[in-house]
Amino acid sequence: MLQVRHLSKTFGTHSVLKDIDFTVCAGDVISVIGASGSGKSTLLRCINLLESPTGGQILFHGSDILEHGNNVPNYRSKVGMVFQSFNLFHNMSVLRNCEIGQEKVLKRKKDLARENALKYLRKVGMAPYINAYPHQLSGGQKQRVAIARALAMEPEVLLFDEPTSALDPEMVGEVLEVMRTLARDGMTMIVVTHEMAFARDVSNHVIFMADGVICEQRDPQRLFQAPKNKRTQEFLLRFL
Ligand code: ADP
Ligand code: MG
């Protein structure tokens, strides 16, 4: 579905991503782990074009979306994003948060947008809160709405940037549970996370980054049990 090839990103003289290569197949759940500042968020932001990469290719079903003439709005609508800080629209109800993108970006009729919004709010267990406003919700509830909002756009791949890092500990579980359900249902996901149990148990591929490079990427069983790279070993020791 998605092939990232030799991707690089520099800010001024600071090289933040260097020669990033990986492949995403339909149904993959890829965890991206690594210390703060290693470039994980920048990688996600390059994939959904919130940042423009400095070099390399991003092939979506074989065509390079960084090339001129490719349909960027279409691509963007197929790549959903869930942020650490939720980024809900504060002046809109839960239901409206999940309808608006469908109407404005996908030009869906109001009825269909509502039906879809309800479907995904039900999926994340937030249907009882459709008329609530974000400030009335807990962090875990806000993040579940943000996930429903992203799902309502029916993306082909969903990117998560530390979706549980801003949550109180008692709310982490409910969000991870929703993400596990999505994974089980076959959603293609790239998840930046510090939740090592999630990376180990839910993903089928793990990418370890340090200083803008991928040091190691493998299936979770081998990456966690027998990391080859010295920096991966040092990083994982901190979680034991
Ligand atoms: P991570 O998500 O792994 O913590 P980031 O991708 O946020 O890492 O950041 C990687 C590096 O890129 C950091 O050194 C950060 O300061 C730098 N960086 C990120 N965004 C910008 C920006 N817009 N301008 C300049 N430097 C940036
Ligand atoms: Mg980050």
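Predicted model: local features only at pLDDT ≥ 70, side-chain atom pairs only at ≥ 80, totals over all residues.
User: What should I know about the numbering and the rules here?
Analyst: Residues are numbered from 1 along each chain as its sequence is written, with chains lettered from A and ligands numbered from 1 in the order in which they are written. Local features need pLDDT of at least 70 and side-chain atom pairs count only at pLDDT 80 or more, while totals for chains, interfaces and linings use all residues, and side-chain values use heavy atoms, with hydrogens and water left out.

User: And how much of the chain is buried?
Analyst: Of its 240 residues, 53% count as buried, meaning under 20% relative accessible area with a 1.4 Å probe, protein chains only.

User: Which residues touch the most other members of the largest nonpolar core?
Analyst: In that core of 37 residues, they are L121, V145, I147, F160, M179, L182 and M189; a nonpolar core is a set of buried Ala, Val, Leu, Ile, Met, Phe, Trp, Tyr and Cys residues joined through side-chain atoms within 4.5 Å.

User: What is I147 in contact with?
Analyst: Apart from neighbours within four places in sequence, I147 is in contact (heavy atoms within 4.5 Å) with V82, V124, F160, V175, V178, M179 and L182.

User: Which residues does the second core include?
Analyst: That separate core has 28 residues, among them V4, L43, M81 and I214.

User: How far does the C-alpha trace span?
Analyst: Along its principal axes, the trace spans about 50 × 45 × 35 Å.

Terms used: Buried < 20%, exposed > 50% of the residue type's maximum accessible area, 1.4 Å probe, protein only.
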